[in-house]
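Please examine the sequence and the model shown below before reading on.

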Amino acid sequence: MQLDRTHIAIRVRSLSEIGDLALLMIRRYPVAVTRAFFAGALPWIVINAVSLSFLPLRIAADEFFTEDSMSDLIRYSSWMMVLVVLQTPLAGAFSTYYLGQAVFEQKPTLRHTFAEVWKLRWPLLWVLGFKRLAIPTTLFLLFRIDTDADVFVDFMLPWMIVILAAVIRSNRPFVPEMLVLERCPLRSTSPHVITLGRRSKGLHSPMASELGGRFLTVAGTSLVLVGSVYYSMIWIRGIASSNWSTDLVAMVIFFPLALWIVAAFSVVVRLLGYLDARIRLEGWEVELAIRAEAIRQFGEDAMTGQNISSRGQGSAQTKTPSQTPAPTTQSPETEEAILVPDNDPDASAASVEIEVRP
């Protein structure tokens, strides 16, 4: 693995460029947002269906659409959106690790991805599951199966949870990457170990206002995308079968599927935002180039001391090359490509170009 030979051009990007790059990453690594993401999301999809499917079933059983039906519809859609929002960081752990490795490796395997994330199951469950309310909210709804609507519990509480989750995530959005890629410990008795709390404060605090603005922009865009994906499914079914109604299939299948598709996209955007934050604050592209050159010149042992005293493990572990590659000549032109194509004959010899500004 060559740390300065990545599949993504390492440079600072705006939010719109991150969105464009996320679409290219999905096309380049479809496994990350299909098998990897939905492998983590599948248990939550089943649990959500068990918790809330009684509401669309009651609506479908009504002969006419009454006020009670409207109440059940609002209750179902509100709680389903809340659950998906809370569960996405935990469901996207496999996808996060896969893409983090894909930045450096050409073909990370799903088996290795699942094995590595499984080792982190307890920190992930505690931080992303319990502390960020995904598991408590899911358990709460399991105990309310087949109950009547309550004004506070079913119409006010969901939005209170969403607001609380939005405040937490807008201030600390990259905690999943710190757990999965950097593997920061939750606590340590040694003052030299960078724990999750210290790492989170160091990376998030300098960009607090910008991260909040980005979070609101991504959240609004995601809401529009959910509507677009959902009504696209309705339109396709309507063209194929002349059924344009919001029936049981639309509520139980189309609506949750639209939410999870957009959730998979948001995981990619968050990962690229994390890389952008490290580049802005830590000069990550320079660090990768220096570490890669040190490994080429002196071997992996040259970086051992630095890795022990660093703020945390990186998103990928380096391996000693079998032989030292010949020095390459950089092109005088500035690197403009977003992704390095696999079929480019010069891709294996291309190095990350660093533009030094005064």
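Ser200 is buried, because its relative accessible area is 5% (buried means under 20%, exposed over 50% and partly exposed in between, with a 1.4 Å probe and protein chains only). The model is predicted: local features need pLDDT of at least 70, side-chain atom pairs count only at pLDDT 80 or more, and totals for chains, interfaces and linings use all residues. Residues are numbered from 1 along each chain as its sequence is written, and side-chain values use heavy atoms, without hydrogens and water.

**Surroundings of Ser200**
- Helix 11 (residues 196-204) contains Ser200; helices are DSSP runs of H or I with at least four residues, numbered from the N terminus.
- Beyond its neighbours within four places in sequence, Ser200 is in contact with Arg172, Val175, Met178 and Ser205, where contact means heavy atoms within 4.5 Å.

**Nonpolar core**
- The largest nonpolar core has 78 residues, and Trp260 is one of those with the most contacts inside it; such a core is a set of buried Ala, Val, Leu, Ile, Met, Phe, Trp, Tyr and Cys residues joined through side-chain atoms within 4.5 Å.
- Helix 13 (residues 248-282) supplies the largest share of this core, 19 residues.
- Residues touched by Trp260, not counting those up to four places away in sequence, include Phe37, Phe38 and Trp44.

**Phe37 and Phe38**
- Phe37 is buried, with a relative accessible area of 0%.
- Phe38 is partly exposed, with a relative accessible area of 26%.

Notes
Helix = DSSP H or I, 4+ residues; strand = E, 2+ residues; numbered from the N terminus.
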